[in-house]
Each structure stands twice: as structure tokens, then as C-alpha cells.
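User: I want to learn how to read aromatic contacts in a protein model. Please take me through one.

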Amino acid sequence: MERTSYFFCIILSIYLLSGCSKKEEDPIKYKLGTFPDSVINLGDINSQYDDYNLSGSSPVIFSSNRATQGGQFDLVQGDISFTFDQTTGKFDFTSAVTNDAFFASLIQKATTLRNDFGPYRIFSNNDGYEYTIISSVNDQGNLDLYYFRNRPKAGTAVPEIQGPFPVSILNTASDDAYFCFDTNQDSAYFCSNRNGNFDILLRNKPATVEHAAWFNQGFAASAPVDSINSTGDDKCPMVYKKIMVFTSNRPGGLGGYDLYYSVFRKGKWGSPVNFGPGINTSSDEYRPVLGYDQNFTNYFLMFSSNRPGGKGGFDLYFTGVKL
């Protein structure tokens, strides 16, 4: 009897110890998020007027004619943020018009008496300046590229903003607009109608030359990107690593301007691919911006469109894409 009780106590002790040491269930069910493939209207950042051509990082700057109730396009600042719940898998997205003192100062500098489009911002390790490049209508009625630069913001002080200065190396008597660099900042892409319709052009920049010094050089011819351009208008290039996204009204699309992407392989850009009916519509889709977050499994794409169902005119949109 004592022997039986002894073994029973041992078995009971093992059971109790194993029960007490059992680990709680890991609340993290989703290590990485996935941007939804549904197209999301950016909501509070949009207005009943035209809102488009946003820059690629938050806080964002975009073009809008809201201040003139549908007339002149000026720059507006806003904030875009998203979260992903690793327990429930829920994706949340918020956007709002903001009033940051530095961006307010930059926008004031960049505002002209005519239309201002296509803000693009980048930091240069070459000279330690932040650059903002925009497209504005000049005195002759054509679009020219202009740049501003400033030291990065530190604390609450608003850094001095220099500019606007013309991008002399690229500007012509035609429309020159929608500038971007590649990842290495040694290849500049933009669009121009100097050859008739709008084409996407390339101009290489020596890596050792500072951005401002290069922008200020005398005009030099740029080369059309033949593997991307078409008989239609090809505009608004934006490069992220090995991928270029752009807009085009080339034949074969879904209607108006559609969004396309091209992948850089073996020293050249591949044939453009239409993003398809999940993103493009019979209306216009414009100025795409591709981005990536290491906590997500896919890319995100922001763009503008005048499709039905928005707040009015062009609205800004967001969606996830796998390329």
C-alpha cells in the first residue's frame, strides 16, 4: 500500500509540474503583414478638387488645386501611416493634411504664380543636403524643373531652404517634368515632350559630382529609354531599386492613362507590364510611387486617379502589389 501511494505521488507530481511549466500560447500569429490588394482611397488627405502627384515618403507633399477651388495647382503637405496587428492580422491605414513648420516653409518657397507639380524629395550622401525637385510652369508657359536644398532638420529649428534654382542641365523650351533618381543617384529619369509626345528620358550623373553642381551645368542632351517609351505619352517615372513605375496612355490599356512597371535586368529595362484591372480603370491613373516596408511581404503602390467614387476630380490612392 505504501509502495502504491509512493508511485501515485510521483505521477501526480510530474503531472502538476508539467502543467505549471506549460508555455502560454504565442500571441504573434502573423510575423509579417501583407498590404491589401484592394485599392484604398486616402480619405482625409483628399478633397473635392484635384489631388495628385505625391512625393514618395511621409510626410508627403502633393499637388492640389483645392486652395483655388479648381484653378491653380499648388503644393500641400500631409501624413500617411499604416499599422499591422500581429495578433489579429488587421491592417489599418490613416492619412491627414498636416502643418509641419519645415514643410510649410518649403511649400511657401516652392509656390509660384502658376501651376506647381510633381514634388520629389531625396537625401544626398554626396553633399549632406536634402533636395526637393518640382515642375513649375515658367514665364513662357512651359514646364521646367526646379530644385531646392536644405540641411536635414534637427530638433524644432527650421533649416534654411535654398532655391528655387533651375535644373539647367535638363530643361528645354518644351515641357520637362517629373524627375527622379535611381537608387544609386547616378541616373536621372524624367519625362519631356521635346520630341513631340511625352517620353521618359535618362541622363547619367557622375557619382563624384554633387547634385547642385550637376543641376547647374549647361544643357546636355538626354536619351529616350527606348525599351519603355511608346507611340503614346509616357510620363511620371519613379524608380525603386530595380523597378520603374510610370503612367502611359499607350494603345492596349484599359482607357486613359494606365500604370505600368518595368524591371531592370542585364543592363536594360524590360518590356513594360500593365498593372491590370485590379489597379487600372477606364479613367486616368497617374504619378505612381512604389515603396517597401521590411515588416510586410509585398510592395505598396500610391497613385492618383479620377475614377468614379472618389471625393471629386483626382484623388490619391493606396494598394499592395507583388512584383
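User: Start with one residue. Is Phe 318 buried or exposed?

Analyst: This is a predicted model. Phe 318 is buried, with a relative accessible area of 1%.

User: How many aromatic pairs does the structure hold?

Analyst: There are 43 aromatic pairs.

User: What describes a pair of aromatic rings?

Analyst: Two things: the distance of the centres and the angle of the planes. Take Phe 93 and Phe 318 here. Their ring centres are 4.5 Å apart and their planes stand at 55°, so this pair is tilted. Edge-to-face would need over 60 degrees.

User: Which parts does the pair of Phe 93 and Phe 318 tie together?

Analyst: Phe 93 lies in strand 5 (residues 91-97), while Phe 318 lies in strand 21 (residues 315-321). The pair therefore ties together parts that are 225 residues apart in sequence.

User: Which ring pairs link into a cluster?

Analyst: The cluster takes in Tyr 30, Phe 35, Phe 82, Phe 84, Phe 91, Phe 93, Phe 296, Phe 300 and Phe 318.

User: Now an edge-to-face case. What are the values for Phe 102 and Phe 103?

Analyst: Centre to centre, Phe 102 and Phe 103 are 5.1 Å apart, with 75° between the planes. Phe 102 is buried at 2% relative accessibility. Phe 103 is buried too, at 8%.

User: Where does the charged end of Arg 250 sit?

Analyst: Over the ring of Tyr 260, 5.0 Å from its centre. Another such case is Arg 307, which lies over the face of Tyr 317 at 5.0 Å from the ring centre.

Technical notes:
Residues are numbered from 1 along each chain as its sequence is written. This is a predicted model: local features need pLDDT of at least 70, side-chain atom pairs count only at pLDDT 80 or more; totals for chains, interfaces and linings use all residues. Side-chain values use heavy atoms; hydrogens and water are left out. Rings of Phe, Tyr and Trp (its six-membered ring) pair if their centres lie within 6.5 Å; planes under 30 degrees apart count as stacked, over 60 as edge-to-face and the rest as tilted. Helices (H or I, at least four residues) and strands (E, at least two) are DSSP runs, numbered from the N terminus. Buried means under 20% relative accessible area, exposed over 50%, partly exposed in between (1.4 Å probe, protein chains only). A charge sits over a ring if NZ of Lys or CZ of Arg is within 6 Å of the ring centre and within 35 degrees of the ring normal.
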